[in-house]
Amino acid sequence: MMAQDLPQLLIIHPPLSFTHIESQLSRKFHLLRAWESELPLDKFLTTYARSVQAMLSSLITRVNADLLRLLPALKLVATPTAGVDNIDLVECRQRGISVTTSGSAFSEDVADIAIGLLIDVQRKISAADRYVRKRLWTSKGEYPLGFKLGDKRVGIVGLGNIGSEVAKRLEAFGCIVSYNSRRKQQAFPYLFYSNVHELAANTDALIICCPLTDQTRHMINKEVLSALGREGVIVNVGRGAIIDEKELVRCLVHGDIGGAGLDVFENEPHVPQELFALDNVVLSPHKAALTPESFERSNRIVIANLEAFFSNKPLVTPFNG
């Protein structure tokens with residue numbers, strides 16, 4: 001079958017996993033590669049994509065009213081990620097456009113990094129590594145003690161696909177798990193707190209796993225960080241803007257909280273420079289989800305959703321938030 005006879009799939013910016021999925025997509029769909037065109041985006045879309053029904057999104061593609069206005073036939077936005085903060089869900093709903101995500105494809109890998117960051121901050125692994133490399137062990141002696149993870153009270157913000165995997169791992173370490181979520185999850189035995197301030201006040205560490213929405217933006221604010229306390233640790237594998245980053249930096253610099261493990265930031269790839277000198281902070285370049293295995297799982301889900309859509313079958317992982 002010729003490419004032009006295949007169902008059209010619009011891609012404005014290639015997602016991170018594109019090199020892993022390009023050949024599979026090319027066999028099944030006619031790819032409209034907007035990023036390769038010399039035309040301005042609006043001209044490309046009005047020229048080639050007026051009748052396109054499906055689009056593969058990426059984190060840097062802002063799927064908003066201005067874009068959707070140029071795509072009158074669009075009925076599906078498929079994203080190979082778990083997050084949808086780049087997509088105007090209200091606008092999609094009003095236009096009858098379905099949105100699919102990667103489902104739980106990245107959940108295990110993100111949970112692994114969340115626990116890794118927590119252990120690193122608690123046991124000072126990265127800081128101790130720098131201590132050895134700078135040959136300070138021989139000149140200054142033993143490195144300061146870290147804290148054990150077992151028996152710690154750990155609060156999870158967002159007990160969804162990722163949060164539940166984090167909880168499973170924390171249980172294996174002997175932690176006391178509690179959580180805050182949009183609603184109480186009857187399937188889990190953990191203590192539920194209806195607001196994050198109360199959760200922070202009753203935990204030794206917070207792990208942020210929820211999506212970024214209008215309701216969760218800067219949800220972790222000065223009051224929540226103060227409730228976490230001077231020995232409390234915060235880990236963020238959700239989205240950077242869930243935490244008030246300026247307030248977080250202030251708390252860390254002044255010793256108002258004990259430490260932080262951060263995989264995400266409010267203005268990526270820019271990271272507040274005040275954090276670079278702090279040994280109680282572990283930084284990661286938004287890579288929690290990025291493994292070959294998770295890309296493979298996500299790609300299977302993307303293709304399954306696209307095939308279901310073009311076959312008029314139920315979508316595999318529709319976003320219903």
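User: How many residues apart in helix α2 are F44 and Y48?

Analyst: Four, so about one helical turn separates F44 from Y48 in α2, which covers residues 41–48. Helices here are DSSP runs of H or I with at least four residues, strands are runs of E with at least two, and both are numbered from the N terminus. Keep in mind that this is a predicted model, where local features need pLDDT of at least 70, side-chain atom pairs count only at pLDDT 80 or more, and totals for chains, interfaces and linings use all residues. Residues are numbered from 1 along each chain as its sequence is written, and side-chain values use heavy atoms, leaving out hydrogens and water.

User: Okay, how is a pair of aromatic rings described?

Analyst: By the distance of the centres and the angle of the planes. Rings of Phe, Tyr and Trp (its six-membered ring) pair if their centres lie within 6.5 Å; planes under 30 degrees apart are stacked, over 60 edge-to-face, and the rest tilted. That rule gives seven aromatic pairs here. One of them is F44 with Y48, a tilted pair at 5.2 Å centre to centre with 45° between the planes.

User: Is F44 buried or exposed?

Analyst: Buried means under 20% relative accessible area, exposed means over 50%, and partly exposed is in between (1.4 Å probe, protein chains only). F44 has 6%, so F44 is buried. Y48 sits at 46%, so Y48 is partly exposed.

User: Which parts does the Y131 and Y143 pair tie together?

Analyst: Those two rings make an edge-to-face pair, 4.8 Å centre to centre and 65° between the planes. Y131 is in helix α6 (residues 125–133) and Y143 is in the loop between α7 (136–140) and β6 (153–157), so the pair links parts 12 residues apart in sequence. Y131 is buried at 11% relative accessibility, while Y143, at 24%, is partly exposed.

User: Which residues form one aromatic cluster?

Analyst: Look for F29, F309 and F310.

User: Now zoom out: how many helices and strands does the protein have?

Analyst: There are 12 helices and 12 strands.
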